[in-house]
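Here are my notes on the model you sent over. Have the structure open while you go through them.

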Amino acid sequence: MRKCQLFAYVLLPLISQLSSNFAVGGGQAVKGTCEDNEYWNNKGFCCDKCHPGFKLKEKCPERNMKSQCVKCENETYLDNPNHNENCFSCTKCTRAHSKEKSPCTFKTDRVCECETGYYYKKIGDLEWQCSPCKTCGSGQLITVECAGEQNAKCQCKENHYAVKDKSRCKPCVQCQDECPHLCKSSTPPNPIRSFSPTSPPGPISQMLVPVCACITVLALGLFMTYEGIRLWKKKRHALSSQKSSPASDNQTLIITVAPDTEHNESASLTNQPCETELNGKLPDCVPREIKIHEFFYFVLDEVPIGRFKELVRRLGVSEQNIDRAEQDHRNSKDAHYQMLKVWSDSGSGGGNNVLPCHCIQMFVDTLKDMYLVNCADNIESRFLSQDTSTSHSGH
């Protein structure tokens with residue numbers, strides 16, 4: 001009996017070890033099949049990732065065993081599931097005129113902001129500083145407040161013009177290029193004096209009268225021609241309807257035209273922005289819906305990779321969202337796509353998976369500010385000019 005027990009204690013562990021080795025060697029997992037919360041272990045199986053705020057101390061020794069993770073130390077953090085052996089150092093708000101907006105935790109980085117009177121200015125990819133806000137000079141008023149990463153913007157007050165350095169504005173006191181409203185005479189001309197032999201009318205006034213008369217006659221002639229063609233077509237249509245309808249003793253075809261129909265139709269043709277068809281189709285001027293993914297993939301092929309971070313920063317994507325996109329995606333295009341998704345989600349309008357045209361126009365204007373004119377023109381012709389071309393081709 002004791003020999004059997006000794007046999008079991010010695011041989012059973014060996015048998016289990018051999019079976020586990022066989023499982024690892026014969027049924028080894030394939031690299032790349034790990035779940036999102038796992039990572040590939042060089043021993044031939046997947047290990048679980050550490051939770052946000054914890055770093056990896058030891059990898060899982062065997063399949064279906066947990067990795068050993070420890071909490072990030074003070075002034076360090078990890079904001080995503082990971083298998084990093086070190087935590088990221090928290091940002092320090094030690095720049096001049098900077099202060100802490102939100103503290104550093106083991107899961108989140110510290111967020112800094114500038115004091116009142118300063119704005120957050122990026123210098124390269126990692127450097128930043130608190131720059132003093134712009135102050136409007138004399139004769140100017142503020143149009144954009146200085147806050148966050150936006151400096152103040154100023155413009156001239158009404159009836160003022162900017163000086164050469166554009167640091168201030170002067171009031172308009174005389175007729176000049178910057179003050180055209182002062183070049184118009186406030187007193188009506190004297191008709192007797194204008195036709196007197198001693199003060200002949202100027203050349204501009206002599207040319208203006210016949211030009212206006214020609215334009216008026218031409219517009220009146222076009223209108224009368226249009227009305228005549230329209231009434232002739234209407235009359236011919238009525239006659240053709242009478243001829244095509246079979247005559248009978250019990251049926252009589254009566255065509256009535258309301259007295260104000262002509263005026264209402266002409267008014268509707270001039271007032272309506274686009275003509276709708278009688279068969280219930282949508283008007284030709286309805287803008288084409290622009291799918292978000294279609295726009296994003298086109299942008300990823302157009303914008304240079306080296307300028308992409310600058311672009312999304314100008315569009316208002318925060319540095320924290322940019323870093324998170326790069327941590328979540330090794331592929332640069334996937335990371336850039338995530339940055340564009342953050343920008344589109346922060347806007348409004350368009351509906352589900354549809355990007356409104358005003359957002360695309362803002363995107364094109366930003367590219368032009370970055371001197372990426374070719375990229376801006378390609379995107380504008382692809383998504384903004386197509387609506388107008390489609391409407392014209394429909395007619």
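1. Where is the place of Glu 75? Glu 75 sits in the loop between E4 and E5. Its phi is positive, about 65 degrees, although Glu 75 is not a glycine. Glu 75 is partly exposed at 35% relative accessible area (buried means under 20%, exposed over 50%, partly exposed in between, with a 1.4 Å probe and protein chains only).

2. Before going on, some ground rules. This is a predicted model, so to speak of local features takes a pLDDT of at least 70, side-chain atom pairs count only at pLDDT 80 or more, and totals for chains, interfaces and linings use all residues. Residues are numbered from 1 along each chain as its sequence is written, and side-chain values use heavy atoms, leaving out hydrogens and water.

3. Asn 64 also deserves a look: this residue is not a glycine, yet has a positive phi of about 65 degrees. You will find Asn 64 in the loop between strand E3 (54–58) and strand E4 (68–71). With 76% relative accessibility, Asn 64 counts as exposed.

4. On the overall layout, the protein has 10 helices and 14 strands (DSSP runs numbered from the N terminus, with H or I of at least four residues for helices and E of at least two for strands). Of its 395 residues, 23% count as buried. Taking contacts with a separation of 6 or more, 38% are between residues 24 or more positions apart (contact means heavy atoms within 4.5 Å).

5. Now for confidence. The average pLDDT is 77, and 71% of the residues score at least 70 (pLDDT is the predictor's confidence in each residue, from 0 to 100). I'd flag residues 245–287, where pLDDT stays under 50 and the model has 21 contacts beyond four places in sequence.

6. On to the core. The largest nonpolar core has 31 residues, and Phe 295, Val 299, Trp 343, Ile 360, Phe 363, Leu 367 and Ile 379 have the most contacts inside it (a nonpolar core is a set of buried Ala, Val, Leu, Ile, Met, Phe, Trp, Tyr and Cys residues joined through side-chain atoms within 4.5 Å). Helices H5 (292–302), H6 (308–314), H7, H8, H9 (357–369) and H10 (373–394) each give two or more residues to this core. Leaving aside residues up to four places away in sequence, Val 299 touches Phe 308, Leu 340, Phe 363 and Ile 379. A second, separate core has six residues, among them Tyr 39 and Phe 45.

7. Next, the H7 and H8 pair. The axes of H7 (residues 319–328) and H8 (residues 332–346) come within 8 Å and cross at roughly 145 degrees (axes are lines fitted to C-alpha atoms, for helices over the stretch in contact, with angles from 0 to 180 degrees between N-to-C directions). From H7, Asn 321, Ile 322, Ala 325 and Glu 326 meet Ala 335, Gln 338, Met 339 and Val 342 of H8.

8. Last, Leu 182, in the loop between strand E14 (169–171) and helix H2 (191–194). Leu 182 is partly exposed, at 36% relative accessible area. Cys 172 is 10 residues away in sequence and 8.0 Å away in space, C-alpha to C-alpha. Not counting residues up to four places away, Leu 182 touches Cys 172, Val 173, Gln 174 and Cys 175.
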